[in-house]
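Colleague: I'd like to learn how to read a model like this one, feature by feature. Could you take me through it?

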Amino acid sequence: MPQDANAIRSILSLAPVVPVIILDDVSQARPLAEALVAGGLPVLEVTLRTPNALKVMEEMAKVTGAIVGSGTVRHAGHMKASVDAGCRFMVSPGASPRLLDAADDIAIPLLPGIGTPTEAMAAAERGYSFLKFFPAEALGGAPVLKAFASPLPDITFCPTGGIDVVKAKTYLSLPNVICVGGSWIMPADALASGDFSRIEALAKEASALRG
């Protein structure tokens, strides 16, 4: 099916920041999800970049209040595995025709990535009104999305890539940005030491952001 705009809007509007999670240690999945949810960030994107990513998703999906999605989705196999792991949404780095074709047969919504107006228009023609702008900072950042707003008024974005707490405020002030994706909420040293209270504090700071 084409993107269910109401479903993806209801998910992305829950918090201003979607944590982008790269995690292989399954034992950390639940405490990390609990810290993020407690901090006010219930929408969690777990990227398919580690061997245990699907197991991490399954554990996080057990946490009350967590809405788990898969990231780095690149083909139909990833999509089926995401559904089986209990994901509620999917995020991809790009929007190839074959990927969008595969999404037509999946019940949970896809947030495909784009980097240019042409790509955004092509996705819109396929029924997508919510898109990921990636890699946001490398492609010019908030000024680019601001320039998209007038000629592409029917498209809403979730920028991801190189965003921190300061840059997030600028993105969130734009009328065509519903939320941002970022990993700054989970510093590597905090994860390494199991400092989930620090992660919860960073999540609370991020959940208070809104332009």
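This is a predicted model: local features need pLDDT of at least 70, side-chain atom pairs count only at pLDDT 80 or more; totals for chains, interfaces and linings use all residues.

Colleague: Let me start with a single residue. Is Gln 3 buried or exposed?

Modeller: As for burial, the cut-off for buried is under 20% relative accessible area. Gln 3 has 8%, so it counts as buried. You'll find Gln 3 in the segment before helix H1 (5-12).

Colleague: What does the side chain of Gln 3 have 2.9 Å from one of its polar atoms?

Modeller: That's the backbone oxygen of Leu 110. Leaving out residues up to four places away in sequence, Gln 3 also touches a set of others, including Ile 8, Leu 111, Pro 112, Tyr 128 and Phe 130.

Colleague: Which backbone oxygen does the side chain of Asn 176 reach?

Modeller: The one of Leu 145, at 2.9 Å. Asn 176 is in the loop between helix H8 (165-172) and S9, and with a relative accessible area of 5% it is buried. Apart from neighbours within four places in sequence, its contacts are Leu 145, Phe 148, Ala 149, Ile 155, Thr 156 and Phe 157.

Colleague: On to sheets. In what order do the six strands of the open sheet come?

Modeller: Read across, the order is S5-S4-S3-S2-S1-S9, and the pairing is parallel. Strand S5 (110-111) and strand S9 (180-182) are the edge strands, each pairing on one side only. Look inside the sheet and you'll see strand S2 (residues 43-47) and strand S3 (residues 67-71) paired in the parallel sense over five bridges. Val 43 stands opposite Ile 67 in S3.

Colleague: How many of the residues of S3 are buried?

Modeller: The general idea comes from the strand itself: in a regular strand the side chains alternate between the two faces of the sheet. Here, five of the five residues of S3 are buried, so S3 is largely enclosed by the rest of the structure. Take the faces separately: Ile 67, Gly 69 and Gly 71 are on one side, Val 68 and Ser 70 are on the other, and all are buried.

Colleague: What about the three-strand sheet: which strands stand at its edges?

Modeller: That open sheet has the order S6-S7-S8, again with parallel pairing. Strand S6 (113-114) and strand S8 (156-159) stand at the edges with a single partner strand each, so one side of each has no neighbour in the sheet. S6 pairs with strand S7 (residues 130-133) in the parallel sense over two bridges, and Gly 113 has Lys 132 in S7 as its bridge partner.

Colleague: Where is Pro 135 placed?

Modeller: In the loop between S7 and helix H7 (142-149). Pro 135 counts as partly exposed because its relative accessibility is 30%. Setting aside residues up to four places away in sequence, Pro 135 touches Thr 160 and Gly 161. Pro 135 and Gly 181 are 46 residues apart in sequence, and their C-alpha atoms are 10 Å apart in space.

Colleague: Last one, helix packing. At roughly what angle do the axes of helix H2 and helix H10 cross?

Modeller: Two packed helices are described by the angle between their axes and the distance between the axes. For helix H2 (residues 29-38) and helix H10 (residues 196-207), the axes cross at roughly 35° and come within 7 Å. The crossing of H2 and H10 is right-handed. At the contact, Pro 31, Leu 32, Ala 35, Leu 36 and Ala 38 in H2 meet Phe 196, Ile 199, Glu 200, Ala 203 and Lys 204 in H10. By type, the contact residues divide into eight nonpolar, no polar and two charged.

Terms used. Residues are numbered from 1 along each chain as its sequence is written. Side-chain values use heavy atoms; hydrogens and water are left out. Axes are lines fitted to C-alpha atoms, for helices over the stretch in contact, and angles run from 0 to 180 degrees between N-to-C directions. Helices (H or I, at least four residues) and strands (E, at least two) are DSSP runs, numbered from the N terminus. A crossing is left-handed if the near helix is turned anticlockwise from the far one by less than a right angle, and right-handed if clockwise. Contact means heavy atoms within 4.5 Å. Ala, Val, Leu, Ile, Met, Phe, Trp, Tyr, Cys and Pro count as nonpolar, Asp, Glu, Lys and Arg as charged, and the others, Gly among them, as polar. Two strands pair if DSSP finds at least two bridges between them. Buried means under 20% relative accessible area, exposed over 50%, partly exposed in between (1.4 Å probe, protein chains only). A polar contact is a pair of N or O atoms within 3.5 Å; within protein, one must be able to donate a hydrogen and the other to accept it, and residues adjacent in sequence count only if both atoms are side-chain atoms.
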